[in-house]
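Please keep the sequence and the 3D view open while reading.

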Amino acid sequence: MSQAQEFIKRVAGDALAGFDSLMDWLGLTGGKTSGPEYLPINPKRGDHSPGSFTINRNTGAWADFAADAKGGDLVSLIAYLHDCKQLEAAERWAGHRGIALPEREGSRGRAGRTAGEGKASASLAKPATPPKPAPADDGAVCIMPVPEDAPRPPAAHVRHGKPAHRYAYRDGAGRVNLYHDRYEPQGERKQFAPLTLWHLPAGKLEWRFKAAPRPVPIFGLDLLAARPAALVVVVEGEKAQAAAEALQPAAVVVCWQGGAQAVDKADWRPLAGRDVVLWPDNDEPGGKCMVKLAGTLQALGGGRVRRVDLAALAKAPGRDDAGAAVLVDGAELAEGDDAADLVARGWTAAHLALVWDRPGFLVDVGQAARPAAPAVRTSAPADGVHTPASAPAPARRFEVTDMGVYLLEPDKAPRFVCSQLNIDALVRDPSNGEWGKLARFKDPDGVEHRQILGDALLSGDGTELERTLRRAGLHVAHNGRAWLKEYLNNAKPAARARVTNRTGWHDGQDGPVFVLPDRAIGMGAEAWLFETETPAANAFRQKGTLDGWRREVAARCAGNSRLVFAVSMAFASPGLHLVGAESGGFHYRSNSSDGKTTALKVAASVCGGADYVRKYRSTDNAMEGLAVQHCDSLLCLDELAQLDPKAAGEVAYMLANGQGKNRANRTGGIREASWWRLLFLSAGEIGLAQHMSEAGQKARAGQELRLAEIPADAGAGLGVFENLHGAGNGAEFARQLDQAARHQHGTAWLAFLDRLAPHRDTLPATLREAQKTFEARFLTEAASGQARRVATRFALVGAFGEIATDWGVTGWQAGEAMQAAGKCFAAWLGHRGGEGAQEDMAMLAQVRGFLQRYGESAFTDWDRPANDTSTHASVRSDRVGYRRYNEEAGETEYFIFTEMFKERVCKGYSVDGVGRLLVERGYVERGHEKGRKEWLVKVQPPTEQRQRMVHILPTIMEADDD
């Protein structure tokens, strides 16, 4: 055997040992296997299915039946596909595999007969050390993501040349996992080749045109991470992905590598819990692969899976006389059409929007998980899974079809139990209690219901279970109650979900999750469901677009401190937990018809529509329920005067303290109290203290601090407004804002949460720094802890307004939100009376008020004794002490009896607290008796015995405590 033949044989053995690697290198991946025969798509023809080309895995023999060509080894296959001689083919594969090439004799030419045609015509010099054939697995490890110091990937494929497109498959952080090259040779069918990085045992990094190990990462992981709450659309191929992304920009569009036959080789776990729409190609392979993918996604659990009704896309795009998008009937889809073909025909996002939300365009693909034994199908379900013939058949089994749930018994016709009822998941609360099942069905109007059926309903005879489902519209056979109960008892889907009645942040298995009534946003793979017995609990609704909200609502708020501050509150609410901030509220107070309610509507537009603003007219229990449903969100409450004045103080405490009342559970024990975190924005013509006074109650400092009262009048003569943005007057501007909020709302909330969820761990330091800067700017060193506590809340609101602006949600100029927070804080501080402690100011105000009110009637003149009635009328019987006037200084000082000081002057406050405060401020003469109160001094009043009294100095009336 010649040296050339020996070399070709050695290379053929290496190629056979590395069969899969060779198929990757040749671009023949994705074929079918039938025994030892491997059947790829014929690379020489435009076939859509395998069958005309076969390669034997054991021998390397191959045949192209369409061209009547064949060969006996894999080197001849390389030569056939590369249109070259055998020796050149062997050298190409040897160069790729690192096999040493033999030296050619200068007088000899290249040999090149194909297998079976005789000996090669060239002789080769024998290498000094013949290399050993590389094993099938050379120990290389695929590296994902690609490190920064990796070599540059090859620019071209050895056979296909330079790719027409190179698609980068990135991870969630945007780093490249692998590449997928698309080749479009003229006059031939398109070709694809995966390109991955491998770490060789010797330490070298090498790029190979080879598929990544299963499961292969999907295309679009970076897009999924950036928009965790967005709808996900799955298409077949990167070209269709780009087109679908243009047609449906509100969604994240993903695909996978390898085409329809490789759908089960991809890693679909990142789609767990996401709402997914499947968009198959318009052909049989596309439909089948999406059915397989639907089963995979349903097994992962949590999210809704739907598919596109391709028949609805059989239309021609156009424009009407006004330029609006229209669709015309009559255009049929061609075989294999996808989103890219629609774009080529002129479809735009506006055209797709005409059918996307139309009922029936997105079709649910069916039950999330099949019931476990004994609820086993006897007929083959849609996913092709059959009950093994050897499995023992239970006495009763159930079948779920589009027509309903049927009971199957041996030798009997199927019995109807109820209309179609799918059990999607087992559910439980965050504490792993209150287990139940998530049921899905349609009522007679075709409206889909997703209802949680607690396992407690399965006890007894099932009457309550049947009643519950009938109320929701499920049709149950007149004698089907027991079967219905049995069907639900036996249903054990693999999917799991958590149920909560509280919105906001929750600790999921894989990270924090923000739960809303209709969705969950965050990094957790497990599904979270919101359930409440309160009707119309979902006020978090969306209408319009984020651009529309920025343009029509947020832009009009700019330059209006009360509006900007109100909107910023909505963005700050989900951030309370980031810095461990307490709940609290702000109250806009002023006369009627000056825009307070408009401010509430504008703030509510961040999260929802007009029904997001609630009235104070409610009971304590109802208010507690509202707080739970707005946890980590903004709660808007209008008309404080409608709240019972006796309950006003307690409601303020309850909302700000974040916890409801303790109540007994069904067993007589203490049920866990409801809790929440939130910011609440209130409005009214009166403040909390005034409202409580109507019931004879006095507002405590803690209550007023929890509900910081801001004068709604911004001082520009326009009520809450300062900039009308071209409107004729305040009333017209208010109408514009109200109309805008009705048509544009809820989109800013989802956009903000999409960004906040992945950044929640990086913001606390930024927020704390913003709070320190705010306090330093607006407070002095002498500021009380109370003033600083409220300043922290104002700063938090401003900081989150700036964060929302930085993320492109508001469209405001940088600094707008923090400036508005500063103006509102200054207004609060001025209305409050300064930065001192609220209790101190209230106590001093009461002492001064008492002296001003009773200074004449309740005090005896020092120079006119009480028992000398010849020069004046006798004082009232409830006198409290003496007053002494200094004519030279023009000042009056007071001496108050100890008991009167306690009972009347300090009424409602601690005597010790008032006394110590007066001493600290220098408003009373300090006593020095050991063991006695320091605000008491021994005094000898005229005509009376020497006694201890409170000597109030004239400075109390002259001091400025603001």
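Strand 27 and strand 28 (residues 511–516) run antiparallel, joined by 5 bridges in this predicted model. Among the paired residues, G504 has V515 of strand 28 as its bridge partner. The pair belongs to an open sheet of 3 strands, ordered 27-28-29, with antiparallel pairing. Strand 27 (504–508) and strand 29 (519–522) are at the edges; each has a single partner strand, so one side of each lacks a neighbour in the sheet. On average, neighbouring strands are turned by 35° against each other, direction ignored.

Helix 20 packs on this sheet and touches strand 27, strand 28 and strand 29. Its direction makes about 40° with that of strand 29.

T747 lies in helix 20 (residues 747–759). Is T747 buried or exposed? Its relative accessibility is 14%, under the 20% cut-off, so T747 counts as buried. The T747 side chain reaches the backbone oxygen of T545 at 3.4 Å. Beyond neighbours within four places in sequence, T747 contacts Q542, K543, G544, T545, L546, W549 and V606.

Elsewhere, the axes of helix 13 and helix 23 come within 8 Å and cross at roughly 110°. The residues in contact are listed by helix.

| Helix | Range | Contact residues |
|---|---|---|
| Helix 13 | residues 561–572 | S561, R562, V564, F565, S568 |
| Helix 23 | residues 816–832 | E816, A817, A820, A821, K823, C824, A827 |

By class, this contact has 7 nonpolar, 2 polar and 3 charged residues.

Terms used
Residues numbered from 1 in each chain as written. Predicted model: local features only at pLDDT ≥ 70, side-chain atom pairs only at ≥ 80, totals over all residues. Heavy atoms only, no water. Axes fitted to C-alpha atoms, helices over the stretch in contact; angles between N-to-C directions. Helix = DSSP H or I, 4+ residues; strand = E, 2+ residues; numbered from the N terminus. Contact = heavy atoms within 4.5 Å. Nonpolar A, V, L, I, M, F, W, Y, C, P; charged D, E, K, R; others polar. Buried < 20%, exposed > 50% of the residue type's maximum accessible area, 1.4 Å probe, protein only. Polar contact = N/O pair within 3.5 Å; in protein donor to acceptor, adjacent residues only side chain to side chain. Pairing = 2+ DSSP bridges.
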